[in-house]
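Here are a few notes to read alongside the model. Have a look at it first, then work through the points below.

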Amino acid sequence: MADIKIPDSKKLILGQFGEDMVVKFLELRGVRILERNWRIKEGEIDIVALYPNGTLAFVEVKTRSSLAFGEPLEAITPAKAARLQRLSLAWRACHARRWGSFQIDCVGVLMQHDGSYIIEYRANVL
Amino acid sequence: MSLGQSLSIALVGLTGHVISVEVDIADGLPGYSLLGLPDAALMESRDRVRSALVNSGEVWPNKKVTVSLSPAWMHKSGSGFDLPIAIALLAASGKIPESRSAHTMYLGELALDGRIRGIRGVLPSLIAAHKNGIRIAVVPDANLAEATLMSEMTVIGMDNIASLLHWLRTGERSHVQELPLEDSSPDDSLDFCDVAGQDAARFAAEVSAVGGHHLLLIGPPGTGKTMIAQRLPGILPPLTREESLEVTALHSIAGSLSSRSPLSTTAPFISPHHTATRVAMVGGGSHQIRPGACSLAHRGVLFIDEAPECGVGVLDSLRQPLESGSITIARSVGSVAYPAQFLLILAANPCPCGMFSGRGRNCTCSSQQVRRYLSKLSGPLMDRIDLRVEVEPLGRVQLMESELNNSSADIRKRVVRARDIARQRFSLDPWKLNSQIPSRALRTQYQPERKAMTFLHSELDQENISARGLHKIMRTAWSIADLASHERPTLEDTERAFTLREGVGA
């Protein structure tokens, strides 16, 4: 089981914090959160959300505490985005219902030293 | 608005095509895609442009960047698009005023620290840009010397992207480098007065310069064959501005401008080694088709020392450019025509050991070896060579009288005068040089004197010369007549021309 990376607790807490902030950000804008951290063998969807207009959004959140390794959004490579798309298909298969249109959103959360944070929300990136 | 545009030039051979560089910055995951058939060097531009911009204090857009080089069907290569991509990108992100960037042409490779590096082919690109109505161009400082030759355009040299951006934003230039437009004088170190003796060879060189006749020098080592060839550019008339532009453009594409001052009006002198391949001689290459030695020698001298030692077919590959004055190279990426009007000077030893001259007493080669050696110069090639001269070993007396010889400057004056006479004579004809007179004109309008014709016809009857040889001799006779200010080649001129061609039994 060498290929499973076990993130240390610091990273887990940072990632969790970023996702919480995004959920808050979405709820403030009237978006309904359907599911969080939906996990299957292929991977995990951070947030599944339903926009007021009926659009289903699968949201990937990337949180970073510095720019030393680049912008948070840069870490979402085309391969990761494609995997997210596959996961979204799996999610819809598991939740059989007549869903409207759907999209993939990517969010970068950048923590500042003073505890504030910047959310960069890119809707419908694929 | 997140669209930006700038202009650049893609070269196919000597021909430039205007390329519009468009950049779109869209929301989406950060990424960069480059469209428009880029080659490997151009693909890598992304990393150069990014580092150069960031290290010059600019912000790289953390968005989806799409760069399109149109027309999209044309293969584009090289690093010269770095600068136009960077400018279009900054225009797209609103960092520079669109009005300034859109109508200016940019050329240059970017270093990671933001410096602008020199590229190949700047002059032909500028010529193409001017033809397409572009009036302002930004080029690397390193290429400014050749770029200023294009005096019809406003050419701005920049050595780093920060000062370029400062100029685009404010209209101020931090430093202005002015280059004096001087015509470099011919290399004084190579003067004909250094050549001791060898009157026949020196006369042949002069005739060759007047009429553009190709020349073969045969002689043992150390008799001055190379010396004479090296001094030929010095007696050719100086290049006109158009010719100089053309020559500099060719050298710019080949990336060999360092060996030649871009503002030089001296005819180029190219001497490929006898191990050169056919591609080195005529040009080629798989991605970008580069000019070969025969195109670099355009309007100048192509000197091949030890010609019989050349590989099979290398010399014969020169037959087409000798005939047409240009060379067309076809490869999978396309076909390209380069001009190749050169004066061919071949030098050869008389035999493998080099000593077979005069009575050949010191020669150690067998008679068969001697015969075989010069027969490596193929018949069709030899047929195109009007002047064949034997360069004899020098005697003591000839070495003593060296200071009596003419200097290059004097010979050049004579050559220029003779060429003026020829130009006036050919004012109504499409050709310019005596070696270019078509055979039909030689039989009618440009016939030598009657006595000279009788001489030539009797040689023809005795099968000493072929019909083609007859015409070649008549052309050479015209050059000799021009040198002697004769209105028409006399019997004496024609006899000298005959000796210059048929004197050596090669």
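1. Start with α5(B), where B:Val122, B:Leu123, B:Pro124, B:Ser125, B:Leu126, B:Ile127, B:Ala128 and B:Ala129 are buried. Buried here means 20 or more other C-beta atoms within 10 Å of the residue's own, with C-beta atoms placed from the backbone. Just after α5(B), B:Gly133 has a positive phi of about 85°.

2. A word on the source: this is a predicted model, where local features need pLDDT of at least 70, side-chain atom pairs count only at pLDDT 80 or more, and totals for chains, interfaces and linings use all residues. Residues are numbered from 1 along each chain as its sequence is written, while chains are lettered from A and ligands numbered from 1 in the order in which they are written.

3. On to chain A, which has 2 helices and 5 strands, in the order α-β-β-β-α-β-β from the N terminus. Both kinds of element are DSSP runs numbered from the N terminus: helices are H or I with at least four residues, strands E with at least two. Of the 126 residues in chain A, 25% are buried.

4. How do the chains meet? 9 residues of chain A are in contact with 6 residues of chain B, contact meaning C-beta atoms, placed from the backbone, within 7 Å.

How values were computed
Buried ≥ 20, exposed ≤ 12 C-beta atoms within 10 Å, placed from the backbone. Contact = placed C-beta atoms within 7 Å.
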